[in-house]
Amino acid sequence: MEQVQFSKFKQRLKSQYGLDLELYKEAQIMRRLRGYMQRHQLSGFAELENYIGSSHQATHLIDYLDINVSEFFRHPELFAYLEQEILSRYIGSSHQATHLIDYLDINVSEFFRNPELFTYLEQDVLSRWLTKNPPVRIWSAGCSIGAEPYSLAIAVLEAGFRGLPSIWATDLDAGALQQAKVGQYALQDVRNVTPSRLKKYFDLAGDIVTVKSVLKERLQFARHDLLCDPIKGSFELIVCRNVAIYFTEDAKTAMLKRFAAALANDGILFTGATESYLNYRELGLNRVSSCFYRKEGA
Ligand SMILES: C[S@@+](CC[C@H](N)C(=O)[O-])C[C@H]1O[C@@H](n2cnc3c(N)ncnc32)[C@H](O)[C@@H]1O
């Protein structure tokens, strides 16, 4: 019975809100959903299905987000801003579903996550393209609250490119993208940024840092679902880190196939430190270093 209700719930989520839970690891999703249902005193998937279709007071959502979502909410001034942003997103009957989608997506991120990998990126990858014309195109896929694409922007500005690369930064979660556009972070999020870079690329006020416009100018943000949205253009560098961990093997393989097609010859895919792709060779990719795969030239 529960399985039937779960299937119905999944169908509703997919048809009404475009989120396909079939493509995510079931155990992980189940754990999150059970936590959500418990918190909202919902006894099963039938009630959950009902719940996400009905309209509720937005303040309930805000209270809930305060407990669960990212580090930003610890800062009152940012929280006030995000309250407005989030409230505006919840107008209409789909707001509970949006909330649930946000809850399922874990947005944890920080600048220069796994610094040693970013060192490799800066010294061994970016340095090969400094004189490339037209300039290289970079895609931060699953960019969350922006720490990753802003780190890439810093790396790019520091590298000394003749023509500055463009950086496309995408995520499924509109709320995370909104935070990314604001570009404000807690000091803890920038702990891997060197003091000189911190001074150069951020404004500091109390324990909040804000990225300077020189970084913002490098990025183009867009909402994009890696599991189904078309990929336009080709890229020298695709950075997709700590996103595939939530996907089933099939969904992961399908995504890798799409990345391989979207990479320019000799282009690089930069993955998360704990992610592994088994079938990269079949897709014309070579593992050049831990977490870095290169598309073989034609
Ligand atoms: C843990 S964060 C990783 C952020 C950043 N890449 C990093 O490594 O620090 C995972 C991100 O993947 C996004 N995500 C999950 N499923 C997605 C999908 N189908 N398409 C695009 N983004 C997705 C989530 O919204 C979340 O922001």
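What percentage of the 298 residues of the protein count as buried?

## Overview

In this protein of 298 residues, 36% count as buried (a residue is buried if 20 or more other C-beta atoms, placed from the backbone, lie within 10 Å of its own, exposed if 12 or fewer, and partly exposed in between). The model is predicted, so local features need pLDDT of at least 70 and side-chain atom pairs count only at pLDDT 80 or more, while totals for chains, interfaces and linings use all residues. Residues are numbered from 1 along each chain as its sequence is written.

The protein has twelve helices and ten strands (DSSP runs numbered from the N terminus, with helices being H or I of at least four residues and strands E of at least two). Among contacts between residues at least 6 apart in sequence, 76% join residues at least 24 apart; a contact here has C-beta atoms, placed from the backbone, within 7 Å.

## The seven-stranded sheet

Let us turn to the sheet. Seven strands form an open sheet with mixed pairing, in the order β6-β2-β1-β7-β8-β10-β9; two strands pair if DSSP finds at least two bridges between them. β6 (219-223) and β9 (285-289) stand at the edges with a single partner strand each, so one side of each has no neighbour in the sheet. On average, neighbouring strands are turned by 20° against each other, direction ignored.

Helix α9 (residues 174-182) packs on this sheet, where it touches β2 (166-171) and β6, and its direction makes about 165° with that of β6. Such angles run from 0 to 180 degrees between N-to-C directions, with axes fitted to C-alpha atoms, for helices over the stretch in contact. Elsewhere in the sheet, β1 (residues 137-141) and β7 (residues 235-240) pair in the parallel sense over three bridges, and Ser140 stands opposite Val239 in β7.

## Around strand β10

β10 (residues 292-295) has antiparallel pairings with β8 (residues 263-271), over three bridges, and with β9, over four bridges. Phe292 in β10 is the bridge partner of Phe270 and also stands opposite Ser289. The hairpin of β9 and β10 has two residues between the strands, and Cys291 takes a positive phi near 80° there.

## Helix α2

Helix α2 (residues 26-39) reaches 20 Å from its first C-alpha to its last, close to the 20 Å expected for its 14 residues (1.5 Å times one less than the number of residues). Gln41, which follows α2, has a positive phi near 50°.

Conventions. Contact = placed C-beta atoms within 7 Å.
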